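Student: I have just opened a structure that is new to me. Could we go through it together?

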Amino acid sequence: MNKLQGKTAIVTGASTGIGAAIAKELAREGANIVLAARGLEKLDEVKNEIIEQTNGKVKVIAVQTDMSVQTDVNKLVEKAQADLGVVDFFVNNAGQMRTATIRSGRVEDWEQMIDVNIKGVLYGIHAVLPSMLDRSTGHIINIASVSGLEVTKTSTVYSATKYAVRAISTGLEKELARRGVRVTNVSPGMVDTRLSSTHTDRKKLEATDIAKAVVYAVTQPDYVNVNEITVRPV
Ligand SMILES: NC(=O)c1ccc[n+]([C@@H]2O[C@H](COP(=O)([O-])OP(=O)(O)OC[C@H]3O[C@@H](n4cnc5c(N)ncnc54)[C@H](OP(=O)(O)O)[C@@H]3O)[C@@H](O)[C@H]2O)c1
């Protein structure tokens, strides 16, 4: 504990699954946490769990945010800065996985995924990056997927959004070289959450397995930029 004492992290999609686990692991290392998602009730539950887990040693706030709405995302970062000061880590985790074949013709599903998985990630970076560049320090962590490394016939559009996340991470890392701001792209395999499919031939990962990968990336020395982490079950 305490490797991240005095640091502040915004975690999007923090009300369940991987996002909640990331928030808890970062808090376990002493970071103050800003939890974001649309559902405030579940966010408050995670907030209370973190307060209990850390005996109230870290500050936690919950901010209702729809990542597909840019004004919401701007307000999230403003609220974090107003309440907790400098934002050190921004974890772009919120995501949607819906019916993703092109043959399905489910345009609304595609748009939901594009709006949250791609536009939401860009809105988050846009809102937080200027303050990180001003200070020449900070860390953006994007949660992509192994679906951003390979496409199956049932995941075409979801995969497209996750390929986009990887492209954003890769390009941003190049844009930010020598500017002090780090970028990490995390590609999880199947994780046991409400989003994951019920049918899989492999054992699923736990959400904390991904959270620990994030903690690894953010606890490296300042000059070390862990750009890519892929975590699959055996
Ligand atoms: N589970 C897997 O097997 C797996 C594998 C690879 C990658 N991933 C990626 O990991 C991330 C987290 O997935 P998960 O499995 O933990 O899913 P999850 O349990 O369904 O959690 C998704 C989180 O995102 C939030 N969210 C959804 N739409 C949002 C929006 N418009 N604005 C703000 N928050 C929103 C949800 O809260 P609200 O609904 O209250 O907003 C929830 O907190 C996603 O990016 C996903 O693509 C998951």
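Student: To start with, in which hand does α1 pass α6?
Tutor: The crossing of α1 past α6 is right-handed. Please keep in mind that this is a predicted model.

Student: At what angle do the axes of α1 and α6 cross, and within what distance do they come?
Tutor: They cross at roughly 50° and come within 8 Å. That makes α1 oblique to α6.

Student: And which residues meet there?
Tutor: On the α1 side they include Gly17, Ile18, Ala21 and Ile22, and on the α6 side they include Ala207, Ile210, Ala211 and Val214. Lys24 and Glu25 in α1 also belong to this contact, as does Lys212 in α6. By class, the contact has nine nonpolar, two polar and three charged residues.

Student: Let me step back. How many helices and strands are there in the protein?
Tutor: The protein has six helices and seven strands. Read from the N terminus, the elements run β-α-β-α-β-α-β-α-β-α-β-α-β.

Student: What about the overall dimensions, taken along the principal axes?
Tutor: The C-alpha atoms fill a box of roughly 50 × 40 × 35 Å. The radius of gyration is 17 Å, which agrees with a compact globule, because a globule of 234 residues would have a value near 17 Å.

Student: Back to the helices. How do α4 and α5 pack, in angle and in distance?
Tutor: Helix α4, residues 107-135, and helix α5, residues 156-175, pack at an angle of about 15° with their axes 9 Å apart. That makes α4 roughly parallel to α5. Their crossing is right-handed.

Student: Which residues in α4 and α5 meet?
Tutor: Among them are Trp110, Met113, Ile114 and Leu122 in α4, and Val157, Tyr158, Ile168 and Leu172 in α5. The contact has 13 nonpolar, two polar and one charged residues.

Student: Where does α3 come into this, and how do its axis and that of α4 cross?
Tutor: Helix α3 covers residues 70-84, and its axis and that of α4 come within 8 Å and cross at roughly 35°. The crossing of α3 past α4 is right-handed. Gln70, Val73, Asn74, Val77 and Gln81 in α3 meet Tyr123, Gly124, Ala127, Val128 and Ser131 in α4. This contact divides into five nonpolar, five polar and no charged residues.

Student: Now the ligand. How many residues surround it, and which are the closest?
Tutor: The ligand is surrounded by 31 residues, and the closest are Gly13, Gly17, Arg38, Gly39 and Gly95. Gly17 also takes part in the contact of α1 with α6.

Student: Which helix gives the most to that shell?
Tutor: Helix α1, residues 17-28, gives the most, with three residues.

Student: And how do the residues of the shell divide by class?
Tutor: There are 12 nonpolar, 15 polar and four charged residues in the shell around the ligand.

Terms used: Residues numbered from 1 in each chain as written. Predicted model: local features only at pLDDT ≥ 70, side-chain atom pairs only at ≥ 80, totals over all residues. Axes fitted to C-alpha atoms, helices over the stretch in contact; angles between N-to-C directions. Helix = DSSP H or I, 4+ residues; strand = E, 2+ residues; numbered from the N terminus. Parallel < 35°, antiparallel > 145°, perpendicular 65-115°, else oblique. Left-handed = near helix turned anticlockwise from the far one by under 90°. Contact = placed C-beta atoms within 7 Å. Nonpolar A, V, L, I, M, F, W, Y, C, P; charged D, E, K, R; others polar. Near = placed C-beta within 6 Å. Rg over C-alpha atoms; globule rule 2.2 N^0.38 Å.
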